Amino acid sequence: MTLLAVSDLVVRYGAIEALRGVSLTVEEGEIVGLIGANGAGKSTTMLSILGVVRPVRGAIHFRGEALTGQSPEAIIRRGIAPTMEGRRIFPSLTVEENLRLGAAIRIDREQIQADMERWCAFFPILGERLRQPAGNLSGGQQQMLAVARALMSNPKLLLMDEPSLGLAPLLVTEVFRLIVQLRDLGVTILLVEQNVRMTLQIADRAYLLNTGRVEFAGTPAEIMQHADIEQAYLGGGRRDGHPTTAAMGAP
Amino acid sequence: MNAISEGIQYLISSLSLGGLYALMALGLVIVYGILRLVNFAYGELVMVAGYGLLLFGDSPLPWIFVAILSVVAALLAGVAMERVAFRPVRNSNATTLLITSFAVSTLLQSVALLTISPRPRAPRLPGLFVESVTFGDLQVKIVDLIGIVVGVLALVALTLFMRRTVIGLALRAAADDFTMTRLLGVPANRVIASAFAVSGLMAGIVALFWIGRTGQTYPSVGLQPVLIAFIASVVGGMESLKGAVLGGYVLGFLTMGLQTWLPQGVNNYRDAVMFGIVILVLLLRPQGLVSPSYSREAR
């Protein structure tokens, strides 16, 4: 079933055209990668889906219903949860409070508690630090918290913006492994990433954005075969301190 | 009066005044945390409750109901103030918001001046605002004792609200990162309206004791409370509710201390001495007494 369908999205920031007709779909149960260089339009696509940025043209449908023109709050209530670039946890709230707020749109009290326990078991470090201010967590732990907080809303689609950004190489590997685990638990994920190599290793399909357009779409294998990409984005394997693909454990 | 009873006397009146100042500061900081707005029209919420005491006091209702109605009036006025004045300019820059707050303040004072009276009026107050009880050579005002209790109760209730309820959590989260709070599906309007409701509630409770102390209500009755709230929250740290509470109590103890122990001839300069100390505190800790213990990422 098609969960998310974005068609012919055009976004302008003043005179600059950030998106020039982006179309993509996300099927239930998939990891879909949205990759490309800085400024390619990845984050703009994500912000448009969330209703933070208003497109001048194009449509966004989620489970068959139009999202275009709705407020971020209304869109999130339909079952889309974002993890934002820079993690954006609430530093002065405790870990537990961050998680409870993640479930702000839900009213099924008992199930919320059960989910809290579930994700604390999934991320043991969060379970250990429930009562600490989230600002005291390390960068990697904050990323875990950001993901767990998003999951607390019980989303049908998880939008992840640059979850590996600013993390040490070992943690990057762990975050990507985690994303695969979540997919295996049945969570659908749209993954916005600059780390093309890692994303292609775990994604079911991917869209390559370049200057506001989808330059190439397909399975990771198809994209890998696309010679230009090797040249432009993988650049002989020097990215972000991941010298070889073998450095990452099998997802 | 011996030194011990003088000390107890000082402690009681300081705790009472400090609690009052803490509530004042909280009402200001809770809105500041979310909109980055120092709402100078906050004082007029105190005024609304003050005239509530006057208006409802003319009815045969028992005073406790008069008080409750007045506090509710301030709460509703806070919500209305946000809806009418601040929501339309919410996305403007900080200066616009600040000027709006001055405009609202002036407007409400003028309305009170023209429609009610420029002169101070005395609302009906129960006797306990002037009565004292005596323990040995210690004479304690009943209103101070009630003030301490109400101050503590209000702080406990607010703490529970901010920790246990989703909207309370959202208020604290929005002070950290408003956009992210919205991205968890919490409606921005609900968060901001709640902040103003809490602010109005605080102003209402403050008004009961502030006007109870002086016995009078007049158009600019809110001016001094808003100044005290501002100073207390700057001393305590604008960024945190804990800071507001601490700042309120510090200011309360300072005011009472100077009043009690400054030599007779210097007492006229009490406020000057107090502000001197405030400036000194800010020179040493410009961020206020309470600042977050974790490192906040620059955004």
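**Figure 1. Surroundings of B:Met24 in the predicted model.** B:Met24 counts as buried because 35 C-beta neighbours lie inside 10 Å; a residue is called buried if 20 or more other C-beta atoms lie within 10 Å of its own, exposed if 12 or fewer, and partly exposed in between, with C-beta atoms placed from the backbone. This residue belongs to helix α1 (residues 3-35) of chain B. Helices (H or I, at least four residues) and strands (E, at least two) are DSSP runs, numbered from the N terminus. When neighbours within four places in sequence are left aside, the contacts of B:Met24 are B:Met202, B:Val206, B:Pro225, B:Ile228, B:Ala229, B:Ala232 and B:Gly248; a contact requires C-beta atoms, placed from the backbone, to lie within 7 Å. The C-alpha atoms of B:Met24 and B:Ser233 are 9.0 Å apart, although 209 residues separate the two in sequence. The model is predicted: local features need pLDDT of at least 70 and side-chain atom pairs count only at pLDDT 80 or more, whereas totals for chains, interfaces and linings use all residues. Residues are numbered from 1 along each chain as its sequence is written, while chains are lettered from A and ligands numbered from 1 in the order in which they are written.

Figure 2. Five of the five residues of β3(A), residues 31-35, are buried. On one side these are A:Ile31, A:Gly33 and A:Ile35, and on the other A:Val32 and A:Leu34, so that both faces are covered. Strands are taken to pair if DSSP finds at least two bridges between them. β3(A) runs parallel to strand β8 (residues 188-193) of chain A, joined by five bridges, and A:Val32 stands opposite A:Leu190 there. Four bridges, also in the parallel sense, link β3(A) to strand β9 (residues 205-210) of chain A, where A:Arg205 is the bridge partner of A:Val32.

**Figure 3. The contact between chains A and B.** Chain A contributes 23 residues and chain B 18 residues. On the side of chain B that touches chain A, the elements giving two or more residues are α6 (166-176) and α7 (178-182) of chain B. The most, six residues, come from α6(B). This side of chain B comprises eleven nonpolar, one polar and six charged residues; Ala, Val, Leu, Ile, Met, Phe, Trp, Tyr, Cys and Pro count as nonpolar, Asp, Glu, Lys and Arg as charged, and the others, Gly among them, as polar.

Terms used: Two residues are in contact if their C-beta atoms, placed from the backbone, lie within 7 Å.
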